[in-house]
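Let's take a walk through this model together, one stop at a time. Have the sequence and the 3D view open as you read.

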Amino acid sequence: MNKHMTRLRRARKTRSRIAALKMVRLCVFRTNNHIYAQVINAEGDRVLASASTLEAEVRSVIKSGSTVEAAAIIGKRIAEKAKNAGIERVAFDRSGFQYHGRVKALAEAARENGLSF
């Protein structure tokens, strides 16, 4: 089993637990160049809010999308968008990635800006 398959196995396990809770989830995905965040409804069929380092407003502010500072900006933006959609409580889905670095920075920024998980 390679690194990619083990990450997907961890993600599937986490998502099944969140689905059992029937909660809205904050899903994070990262690549070497960018980071993405989505707030997905409890059924898992609709994206309620999204933010990424590919957005024009974010790209004008950051130098690179693969930094902790960029992840913190995305965390702040996703929290603001979720609050505008009327969502304050979510389950954090880190998609099998380790909780450190950019994923941790995004989560902490989202918490500081009003999301609770």
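Where does His34 lie? Keep in mind that this is a predicted model. His34 sits in the loop that runs between strand S1 (25-30) and strand S2 (35-40). With a relative accessible area of 17%, His34 is buried, because buried means under 20%. Its side chain makes a polar contact of 2.8 Å with the side chain of Thr53. If you set aside the neighbours within four places in sequence, His34 is in contact with Thr53, Leu54, Gly65 and Arg102.

Arg102 takes us to helix H4, which covers residues 102-112. Buried residues in this helix include Arg102, Val103, Ala105 and Leu106, and the elements that cover the buried residues of H4 include S1, S2, helix H3 (68-84) and strand S4 (91-93). Glu108 is also found in H4, but at 35% relative accessibility it counts as partly exposed. Just after the helix, look for Gly114, which takes a positive phi of about 115 degrees.

Now for the charged pairs. How many salt bridges does a search of the whole structure find? The search finds 5. One of them joins the side chains of Asp93 and Arg15 at 2.7 Å, N to O. This pair links distant parts of the chain, with Asp93 in strand S4 and Arg15 in helix H1, 78 residues apart. Asp93 also forms a salt bridge with Arg25, and here the closest N and O atoms are 2.7 Å apart. Arg25 lies in strand S1 and Asp93 in strand S4, so this pair ties together parts that are 68 residues apart in sequence. Is Asp93 buried or exposed? Asp93 counts as buried, at 0% relative accessibility. Arg25 is buried too, at 15%, whereas Arg15 is partly exposed at 32%.

Another salt bridge brings together the side chains of Lys81 and Glu55 (3.1 Å, N to O). Lys81 is in helix H3 and Glu55 in the loop between strand S3 (47-52) and helix H2 (56-61), which puts them 26 residues apart. Glu55 counts as buried at 17% relative accessibility, while Lys81 counts as partly exposed at 29%. Both belong to a network of salt bridges that links Glu55, Glu57, Arg77 and Lys81.

Met1, Met5 and Leu8 make a nonpolar surface patch of about 340 Å². Leu8 has its place in helix H1 (residues 3-21) and is partly exposed, with a relative accessible area of 32%.

Key. Residues are numbered from 1 along each chain as its sequence is written. This is a predicted model: local features need pLDDT of at least 70, side-chain atom pairs count only at pLDDT 80 or more; totals for chains, interfaces and linings use all residues. Side-chain values use heavy atoms; hydrogens and water are left out. Helices (H or I, at least four residues) and strands (E, at least two) are DSSP runs, numbered from the N terminus. Buried means under 20% relative accessible area, exposed over 50%, partly exposed in between (1.4 Å probe, protein chains only). A polar contact is a pair of N or O atoms within 3.5 Å; within protein, one must be able to donate a hydrogen and the other to accept it, and residues adjacent in sequence count only if both atoms are side-chain atoms. Contact means heavy atoms within 4.5 Å. Patches are made of residues with over 30% relative accessible area and no salt bridge: like charges are joined within 9 Å, nonpolar side chains (Val, Leu, Ile, Met, Phe, Trp, Tyr) within 5 Å. Accessible areas come from the Shrake-Rupley method with a 1.4 Å probe; for residues, only the protein chains shown count as cover. A salt bridge is a side-chain nitrogen of Lys or Arg within 4 Å of a carboxyl oxygen of Asp or Glu.
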